[in-house]
Amino acid sequence: MSRLYISGNEAIAYGLINAGVRFITGYPGTPSSEIIPAAQKLKKQHGLKAFIEWSINEKVAYEIAYGAALSNIKSAVTMKQVGLNIAMDPFMNSAYVGTVASMVVVSVDDPGPHSSQTEQDSRFMAMAAKIPVLDPSTVQEAYEFARKATELSNKYNIPVMLRSSTRVSHARADVMIDEELYNESMEANFKTAKNWHEFIWRFAATPKQRLKLHELLNDKIKKIADENKIKLFFNGKILMLSSGAVFSYLYELIEDYKLQDRLTLGKIDMPYPLNFKDFSQFQRVITVEETYPVIELQLNTEGRRNGLVPSEGELTPEVCENILQRLGLIERKKIVTVPALKRPSLCPGCAHRISLFAVKKVFGKKAIYAGDIGCYTLALNFNVTDTVLCMGASVSFGFALKKAFELSDKDRDVVSIIGDSTFFHSGIPPLIDAVHYKLPFLVVILDNQTVAMTGNQKTLSDSESSADVALKPIIIENVIKGLGVNFVQVVDSYDFETSLKLLKEAKKFLKDSSEPAVIVFRHPCINTKKGLSINPVYAIKIDKKLCKGCKVCVNEFECPAIIFNEEENKADIDRNLCISCGCCVYSCPTKAIIKGEIVKE
């Protein structure tokens with residue numbers, strides 16, 4: 001055994017690898033993104049025979065991992081809670097069909113939400129699919145439950161969900177790791193199924209056979225529920241049931257307020273399936289869980305449904321304190337007001353900023369801008385985002401909005417803004433529709449050659465895998481041309497003048513034709529080592545005599561490296577933040593920002 005100080009996501013990776021999982025796929029999404037890189041590191045460190053890579057989206061990732069499980073190779077797939085929506089079709093289906101080797105579905109929830117469109121509960125999805133779900137409360141349990149999920153899946157030939165959350169996945173703690181589990185005997189079991197024909201009755205089941213498979217699934221779920229036990233702590237007459245990070249909060253609060261004789265705390269490691277029935281020794285039974293009433297509905301307890309537990313928002317320790325106060329167990333503590341945080345902004349030198357600035361300059365305030373999920377969602381700050389729904393919806397909305405304006409005899413420009421990874425993920429199908437139905441709107445693809453928002457993971461345009469294996473890069477403009485788009489242009493985002501020229505050409509093309517146009521703004525993300533190293537560096541200064549204090553550079557261009565000196569009523573540059581890219585030059589209406597000679601190229 002060895003002790004390592006790691007995050008919850010890293011602990012999950014260790015647990016999966018220790019359990020013999022050798023096939024891991026996924027799609028990056030905060031708060032789940034660190035699992036696959038950690039597993040890739042272990043693969044390289046221990047020389048494991050394994051496949052651990054990102055997929056184009058969560059549905060494909062799920063199906064690939066599931067195919068491996070049917071081939072008798074232990075597998076896992078990782079995603080965040082909204083990513084599970086994309087994988088829902090194979091997720092629901094796989095419970096019926098079952099597995100051959102184990103398959104762990106790692107879905108990391110974001111109560112709050114901190115970086116998501118929803119704070120939905122993956123446990124609820126697991127209950128709908130009739131898939132068992134484990135819910136770790138600590139970083140140590142994240143490691144242990146990854147192994148436990150693999151074992152449970154192997155025992156019952158059923159996919160098993162490991163549901164983590166932001167507070168567990170991003171926490172760090174000392175974790176005891178059994179490194180002996182890396183031994184080579186595991187690799188000896190890396191064998192694909194030989195008698196494939198024996199499983200065709202369920203692998204390719206007809207609807208009639210699915211009825212039988214559903215019956216077998218229900219039998220598995222009943223047996224798993226019978227094995228599922230509750231762990232009780234303390235000796236009070238009120239039973240409070242919980243799981244996940246919230247259990248840890250409640251445990252500490254009960255000790256802090258010395259409520260051990262008034263409350264019994266029940267820990268449920270597997271929130272679904274449950275069959276606990278006898279709570280007759282308790283005066284009240286209350287469930288406190290994030291974020292949907294999964295345990296509460298199965299056991300018919302108090303909780304969210306009677307208003308005792310808030311119906312939305314993260315159950316922080318402070319919220320848990322309020323619940324104890326409502327029960328009359330503690331006095332209300334003084335409420336601490338947290339100061340408002342400064343709104344997030346694109347990084348200094350981010351190529352998206354100058355691209356969006358150019359788009360706004362040409363298409364103006366009257367255009368409707370359909371946004372998407374990524375760093376560029378911050379286009380809200382530049383008033384070039386009017387809608388944000390889910391990945392790929394910018395192109396679908398571009399289609400819908402343009403058609404709506406046509407039907408109402410309105411002539412209004414529509415611009416869809418999407419990133420490179422998001423375009424691969426789910427932007428291609430709606431663009432096919434747009435081409436087919438001949439809808440004239442502009443699709444702007446911001447290609448920074450990485451999945452920047454979730455930690456700079458590789459994209460399909462990379463020519464090497466995480467293991468430095470040569471891959472065939474997928475070129476975005478080639479895909480677009482293959483769809484039948486006739487106006488496809490690529491420009492370096494930093495080339496502002498060419499960007500304006502192409503945008504004006506696209507605008508004219510849209511007025512003269514009845515089909516979509518696409519412009520790919522390409523520049524490496526400066527938040528990567530490679531991107532920053534190849535970025536040009538200019539001598540930048542502000543001529544205080546020319547600066548009129550209009551604040552266009554601060555409010556409309558919004559680079560964090562440009563600050564405003566209220567005493568002088570002039571713009572200034574924060575040299576600690578500025579990367580000297582020179583893009584801000586184009587934002588100044590009085591030409592007060594001066595780009596000198598290039599210092600480094």
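This is a predicted model: local features need pLDDT of at least 70, side-chain atom pairs count only at pLDDT 80 or more; totals for chains, interfaces and linings use all residues.
Residues are numbered from 1 along each chain as its sequence is written, and side-chain values use heavy atoms, with hydrogens and water left out.

**View 1. Five strands form an open parallel sheet.**
The strand order is β13-β14-β15-β17-β16. Strands (E, at least two residues) and helices (H or I, at least four residues) are DSSP runs, numbered from the N terminus; two strands pair if DSSP finds at least two bridges between them. β13 (368-370) and β16 (487-492) each have a single partner strand, so one side of each edge strand lacks a neighbour in the sheet. Direction ignored, neighbouring strands are turned by 20 degrees against each other on average. Axes are lines fitted to C-alpha atoms, for helices over the stretch in contact, and angles run from 0 to 180 degrees between N-to-C directions.

**View 2. β16 pairs with β17 (residues 517-522).**
The two strands run parallel and are joined by six bridges. F487 is placed opposite A517 of β17.

Contact means heavy atoms within 4.5 Å.

**View 3. Helix α12 (residues 244-256) packs on helix α14 (residues 317-326).**
The angle is about 60 degrees and the axes are 10 Å apart, which makes α12 oblique to α14. Angles under 35 degrees count as roughly parallel, over 145 as roughly antiparallel, 65 to 115 as roughly perpendicular and the rest as oblique. V246, Y249, L250 and L253 in α12 meet P317, C320, E321 and L324 in α14. By class, this contact has seven nonpolar, no polar and one charged residues. Ala, Val, Leu, Ile, Met, Phe, Trp, Tyr, Cys and Pro count as nonpolar, Asp, Glu, Lys and Arg as charged, and the others, Gly among them, as polar.

**View 4. Helix α5 (residues 88-97) crosses helix α6 (residues 122-129).**
Their axes come within 9 Å and cross at roughly 45 degrees, so α5 is oblique to α6. M88, F91, M92 and A95 of α5 make the contact with M125, A126, A128 and A129 of α6. The contact of α5 with α6 has eight nonpolar, no polar and no charged residues.
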